[in-house]
Amino acid sequence: MEIQPFAIEHYFAQYEFSTRYLLCSSDCESMTVAELLALAGRNSGELADLHLGYTESQGDPHLRTAVSATYTSVDPEEVVILGAPEEGIYLAMRSLLQPGDHVVVLTPAYDSLLNLAEHISGNVSRWEVQPGEKSWELDVESLEVLITPQTKLLIVNFPHNPTGLVPEATQFQALVDLARRHDLWLFCDEMYRGLELHGRDTLPSAVDMYERAIVLAGLSKVHGLPGLRAGWLVVHDRALRQSILNWKFYTTICPPAPTEFLALAALEARTALVARNRRLIEANLREAEAFFARYPDLFRWRRPLAGSVALVGLHVPSATTYCHALAKEAGVLLLPSSCLGYGDRYVRMGFGRANFSEALAHYERFLDAAAGGE
């Protein structure tokens with residue numbers, strides 16, 4: 001069976017490196033290797049002296065120890081360092097699923113969270129977020145209706161890409177209790193965990209709440225280091241972990257030594273990196289809210305609760321047509337919701353980049369010029 005085209009990445013491949021003003025990036029502002037090492041108090045000579053031999057397939061023990069310390073109930077041997085975060089989704093789906101297994105996926109979703117499950121199992125139900133009056137919402141009761149005796153896996157993503165939704169602690173506990181009651185595996189993409197906004201507390205990790213949770217995390221979003229391709233899976237179950245490692249032998253075998261070295265430096269500088277990116281997102285959101293207030297006939301705004309992105313209603317016949325035209329005519333990139341499998345009346349916007357103000361101002365000049373020409 002052919003796997004579905006990876007819509008988001010095909011779209012970005014067309015525009016990401018040729019469009020000047022990116023307003024839909026999901027990562028936060030990045031930095032140079034020298035800046036990262038300085039922030040971590042490391043000497044650049046350490047990187048220059050790094051031996052480029054094979055590394056341990058499960059990951060450097062020092063890095064796994066540093067990762068485990070970011071959770072409350074995780075041992076270093078329960079961490080698998082990846083060649084890239086995307087690899088973790090592939091390894092987990094291959095290890096968990098067989099044809100016919102029923103899977104429930106929170107949608108809209110990053111393509112691979114949905115498409116890999118559909119490709120392997122061929123039996124997927126979508127649990128859609130709901131557009132509330134002021135923010136996006138979850139309906140746990142509607143999730144329970146989707147679960148059948150054949151359901152094996154529940155896939156969620158909190159904080160949620162693309163809506164910025166994050167459940168209340170009691171609601172997340174109810175979701176975990178539901179998974180436990182039905183003996184489900186719970187795959188939780190936590191790539192944005194740590195970017196809670198407006199003074200909101202960080203939810204406990206799913207892996208600290210449930211023995212059958214599998215957590216994906218990494219440094220691309222919260223830490224603003226997507227070029228490192230640093231990520232990890234946390235898996236309590238030993239048999240599943242061994243299956244994941246076996247699949248890893250068929251993909252990347254082991255993590256790159258420079259990535260592991262720099263990932264360890266990033267975790268040493270974690271507090272400063274996260275604080276910097278939270279401040280940047282909050283400042284950009286204030287500008288965005290003022291912008292949306294000036295264009296109520298074009299946009300429907302729901303403020304994100306966490307993360308670096310939001311899903312914004314767009315009052316046009318087709319968001320896809322609009323976004324392609326906007327990229328070509330104005331050099332401004334928004335991501336249409338059709339790339340997320342969620343209709344064609346929304347766009348994803350990103351608030352983690354330092355040039356957000358410049359890009360937004362350019363977009364506003366384009367909108368005003370277009371309105372003046374009508």
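Colleague: What makes strand β9 (residues 213-218) count as largely enclosed by the rest of the structure?

Modeller: In this predicted model, six of the six residues of β9 are buried, so the strand is largely enclosed by the rest of the structure.

Colleague: Why do the residues of a strand fall into two sets, one for each face?

Modeller: In a regular strand the side chains alternate between the two faces of the sheet.

Colleague: How do you know that β8 (residues 185-189) and β9 pair, and in which sense do they run?

Modeller: Pairing requires at least two bridges between two strands, and four bridges join β8 to β9, so the two count as paired, and they run parallel. Asp189, for instance, stands opposite Leu216 in β9.

Colleague: What makes β9 and β10 a pair, and in which sense?

Modeller: Five bridges link β9 with β10 (231-235), against a requirement of at least two, so this is a pair by the definition, and its sense is antiparallel. The bridge partner of Ala217 in β10 is Trp232.

Colleague: Trp232 also lines a cavity; what makes a space a cavity and not a pocket?

Modeller: A cavity is a set of points where a 1.4 Å probe fits but cannot get out, whereas a pocket is an open set. Leu63, Ile81, Leu82, Ala230, Gly231, Trp232, Thr259, Glu260 and Ala263 line the second largest cavity. The elements that each give two or more residues to this lining are β2 (79-82), β10 (231-235) and α10 (257-268), and α10 gives the most, with three residues. By class, the lining of the second largest cavity has six nonpolar, two polar and one charged residues.

Colleague: How is the lining of the largest cavity made up by class?

Modeller: About 60 Å³ of space lies in the largest cavity, and its lining has seven nonpolar, two polar and three charged residues. Among the lining residues are Phe158, Phe172, Glu190, Arg193 and Glu196.

Colleague: Why are β11 (299-300) and β14 (335-336) called edge strands?

Modeller: Four strands form an open sheet in the order β11-β12-β15-β14, with antiparallel pairing, and β11 and β14 are its edge strands, as each pairs on one side only. For β14, the pairing with β15 (residues 346-350) is antiparallel over two bridges, which meets the requirement of at least two. Within this pair, Arg348 in β15 is the bridge partner of Leu335.

Terms used: Residues numbered from 1 in each chain as written. Predicted model: local features only at pLDDT ≥ 70, side-chain atom pairs only at ≥ 80, totals over all residues. Heavy atoms only, no water. 1 Å grid on protein atoms, 1.4 Å probe; cavity = no way out; pocket = protein on both sides within 12 Å on 5 of 7 lines; lining within 4 Å. Points joined across faces, edges and corners; volume = space filled by probe spheres on them. Nonpolar A, V, L, I, M, F, W, Y, C, P; charged D, E, K, R; others polar. Buried < 20%, exposed > 50% of the residue type's maximum accessible area, 1.4 Å probe, protein only.
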